[in-house]
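Open your viewer and get ready to click along. Each stop tells you what to select and what you'll find there.

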Amino acid sequence: MTERPATASGDGGDAGDAGYPTSPDQGETLLALDGLTKHFRNDGGFLSGLTLGRDVDGLVGIDREWVRAVDDVSFEIASGETLGLVGESGCGKSTLARTILQLVQPTAGDVYYKGRNFAEMGREELRRQRRDMQMIFQDPQSSLNPRMKVGRIVEEPMEAHGMLDAEGREARARELLERVGLDPQHYNRYPHAFSGGQRQRINLARALSVNPDFVVCDEPVSALDVSIQAQVLNTMADLQAEFGLTYLFITHDLSVIRHISDRVAVMYLGEVVELAETEELFEHPRHPYTEALLNAIPVPDPRAPGVRGRLEGDVPSPIDPPSGCRFRTRCPELIVPGDYDLTPAEWANVRAFARSVDRHEFEAESELAVRREFFGNAEPDGEAGRIVDEAIARLLTGEWDGAAALLNESFADRSICARGRPDYEVEPERDVDRHFAACHLHRDGTPPD
Amino acid sequence: MTAPLLEVENLRTRFHTPDGVVRAVDGISFTVREGEIVGLVGESGAGKSVAGASLLRLVEDPGRIVGGEVTFKGETLVGFPDGRAEAGDGSGDDADDRWRDDVLSAEAIRRRIRGREIAIIFQDPMESLNPVFTVGGQLREFIELNRGLTQGRARELAVDMLREVGIPEAEDRYDDYPHEFSGGMRQRVLIAMALACEPSLVIADEPTTALDVTVEGQILELVADLQAKYDTSFLWITHDMGVVAEICDRVNVMYLGEIVEQADVDDLFYDTSHPYTEALLDSIPRPDRPVDELDPIAGIMPEAIEPPDGCRFHTRCPDARAVCTEINPDCRPLDDAGRPHRAACLKHESVFGAGYRESDPIENEAAGGFDVGRTEEGTDD
């Protein structure tokens, strides 16, 4: 590791001059989200929201759909820590980041930064506050202006915030280039002369130029080759230690998350489903979705046990998310409704049958064939049995939709998983403070305060 | 041991650009046997995709296959007349007179090999599906053309294949357009298309890279199931060591147009014999255990226009010595024990005998220097 001269983080001359709040101490809450929510209107186009027909009031109805990108997210980030935010594409993690930075207006909920609510700040104050919070994007190519020299790129944010004079800005830009592992001589080059990893370093230098405390990193290494990725991750860790930065690190890559984060929040369909200290989460996941994610990663070890719990189906649409727990439609551990008395084997069979009917995965040739295929080892009796009989009868008359609806209403929709939004603190396995897991399996636990 | 299905010998493909000649694939040799999944691994710019495309003579202008031989089931797909290998006569790869007499014509490859015997799956399913035709229609037409079935029979088979690759409500989804499918579902459609003609070999070029991890898991499992069922061989092109560990039987590691290590998957990970492979494995964060500090490969991959003299990895290699700047080692078997483990590194002194042990270590990017990731090219103004 290169020895670095001590300056920059301490050269608070530029940070203090405009009367900004000083950095909070390590471990204090830097950022707090309270019920943050962002819904987008799914307009699609000029007329797409209009519905013609008699079943609406008047002749023309307005049918607006809302994409519930982020729904009621609350958590805190302590000063100096890295919170990893992981989830699959479309889960709302990038929207959450943009909402936190007030780049899009939240639909509901509040963001507190250093104890102050963004919603209560005026425009000018918000603008000044933004200097303290920077963002780095995935694609290092498109986030750099190809016609600007690197020096200008790094200086621009300082200029926008009226920091230093021209000479001071240049000196700082050159110094930052060195800090992020580039040659200060590169000051006069254009971005095209740099590789992807180096461009991401330029982005880092630009973000750090205004001396922020908080940096949101949105998939910063996802576009880079693995060897380059490691270089950039190491640099980011060094810079964090040196400048006392707090990171919100967003990625879909669980290996990267495990490496860089202190705590990890897992998102699914707009909600945080689990949040815990990194090793606690990776070693003792308590949400079935987190478990499925962890099982799905290919491990770079041919001798690793190849058990891979396959997660069925696709992520549902955020326009009409499932009620209760949003993961329930794919969850391998859906809780049996209290109305029925089913053995685990019977319940597993009922769910497999309902899924196959819903997806129309087989042809129903005879009652016997269906029973043999799905209920060979355990067939429910009583009320549940009667519902299954009725569903099979509908299948044999070709009413697939009817059968699927009956099974859904009678089973999945009656589960506690469909009824209430899960919200539980569980007892951590490791020596850490808290472990949040939004899963009704933990309903005996305590709700979070 | 089963007979090789595909044999690649000293294959070379170049791109003639205004800046110079890019030696994208520079003399690679490997085999794929029946029922095997063989990995071709490397970072971007290593030449792995060009290698895959070259096998079926799909390299586009300004790229040209300039040397080597590819045989598949005893038929020659690429081969040059003696002494004509690098003749720059300006004709494209499709001009049949470039090739030796026993090489299949472009027409024969198109009709008999591509799609029917060797199928390709690409990374971006949207590019491989035509957005203005229905998914089912495209699959049906493909089956109809390649298997000579009637339209009705081809349709039945298309629906069967969609169901087989796990498309829910296959009958109903048959008439949907590609944009109505999710990324994972589109990749399933391409797998259905690739397997519809029951090919002997599938070239899969980063087929899961653009997918989410749970979807990737579904696809890898699907491929393993289908492979067991049809005994299809795969050439799996990827940069992801996790995927390699999970599905490959044997692996070829590429660096700057060359294969630097070739081994059974277990040997590659547990008896790693090339410093590049080692560095690649050390630089990845692990999902299954905490890693305190990543050990990245120093520097960046040099341009393939002017690859370094000697061993191409010597500029970034922690083990590099003076002799490495002079001799570019070929990929040789490491022992006579019959294990198919090859590596192109002079540090295996007993195999190469190039005087590595007496040679002095050299200063390079791996030896420290200023810091990682500095450019050498580019202009100061």
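Which residues does B:S54 touch, not counting residues up to four places away in sequence? Select B:S54 and look around: the residues touched are B:L11, B:T13, B:V59, B:I65 and B:V78, where a contact means heavy atoms within 4.5 Å.

Before moving on, some ground rules. This is a predicted model, in which local features need pLDDT of at least 70 and side-chain atom pairs count only at pLDDT 80 or more, while totals for chains, interfaces and linings use all residues. Residues are numbered from 1 along each chain as its sequence is written, chains are lettered from A and ligands numbered from 1 in the order in which they are written, and side-chain values use heavy atoms, with hydrogens and water left out.

**Stop 1: around B:S54**

Keep B:S54 selected and show the cartoon. B:S54 sits in helix α1 (residues 48-55) of chain B; helices here are DSSP runs of H or I with at least four residues, strands are runs of E with at least two, and both are numbered from the N terminus. Is B:S54 buried or exposed? B:S54 is buried, with a relative accessible area of 0%. Buried means under 20% relative accessible area, exposed means over 50%, and partly exposed is in between, using a 1.4 Å probe and protein chains only.

B:S54 and B:V70 are 16 residues apart in sequence, and their C-alpha atoms are 9.1 Å apart in space.

**Stop 2: strand β4 of chain B**

Select residues 63-72 of chain B, which make up strand β4. Nine of its ten residues are buried, so β4(B) is largely enclosed by the rest of the structure.

Next, bring in the partners. Strand β1 (residues 4-17) of chain B pairs with β4(B) in the antiparallel sense over eight bridges; strands count as paired if DSSP finds at least two bridges between them. For one of these links, click B:F15, whose bridge partner in β4(B) is B:G63. Strand β5 (residues 75-78) of chain B also pairs with β4(B) in the antiparallel sense, over three bridges. Here B:V70 has B:V78 as its bridge partner. The hairpin of β4(B) and β5(B) has two residues between the strands, and B:K73 takes a positive phi near 50° there.

While you have side chains on display, remember that in a regular strand they alternate between the two faces of the sheet.

**Stop 3: strand β10 of chain B**

Jump to residues 258-264 of chain B, strand β10. Six of the seven residues are buried, so this strand too is largely enclosed by the rest of the structure. Strand β9 (residues 250-255) of chain B runs antiparallel to β10(B), joined by six bridges. Click B:N252 and you'll find B:Q262 opposite in β10(B). In the hairpin of β9(B) and β10(B), with two residues between the strands, B:L256 has a positive phi near 45°.

Select residues 342-343 of chain B too: this is strand β12, joined to β10(B) by two bridges and running antiparallel. B:E261 has B:A343 in β12(B) as its bridge partner.

**Stop 4: a helix in chain A**

Switch to chain A and select residues 150-160, helix α4. Its buried residues are A:V150, A:G151, A:I153, A:V154, A:E155, A:P157 and A:M158. These pack against α5 (166-179) and α6 (196-208) of chain A. After α4(A) comes A:G162, with a positive phi near 60°.

**Stop 5: a pocket in chain A**

Select A:T329, A:R330, A:R355, A:D358 and A:R359. Of the 43 residues that line the second largest pocket, these lie nearest its centre. A pocket is found on a 1 Å grid over the protein atoms alone, as an open set of points with protein on both sides within 12 Å along at least five of seven lines; a cavity is a set where a 1.4 Å probe fits but cannot get out, and lining residues have an atom within 4 Å of a point. Which helix supplies the largest share of the lining of the second largest pocket? That is α11(A), with eight residues.

**Last stop: a cavity in chain B**

Finish with B:C311, B:C317, B:C324, B:C345 and B:L346, which lie nearest the centre of the largest cavity, among 14 lining residues.
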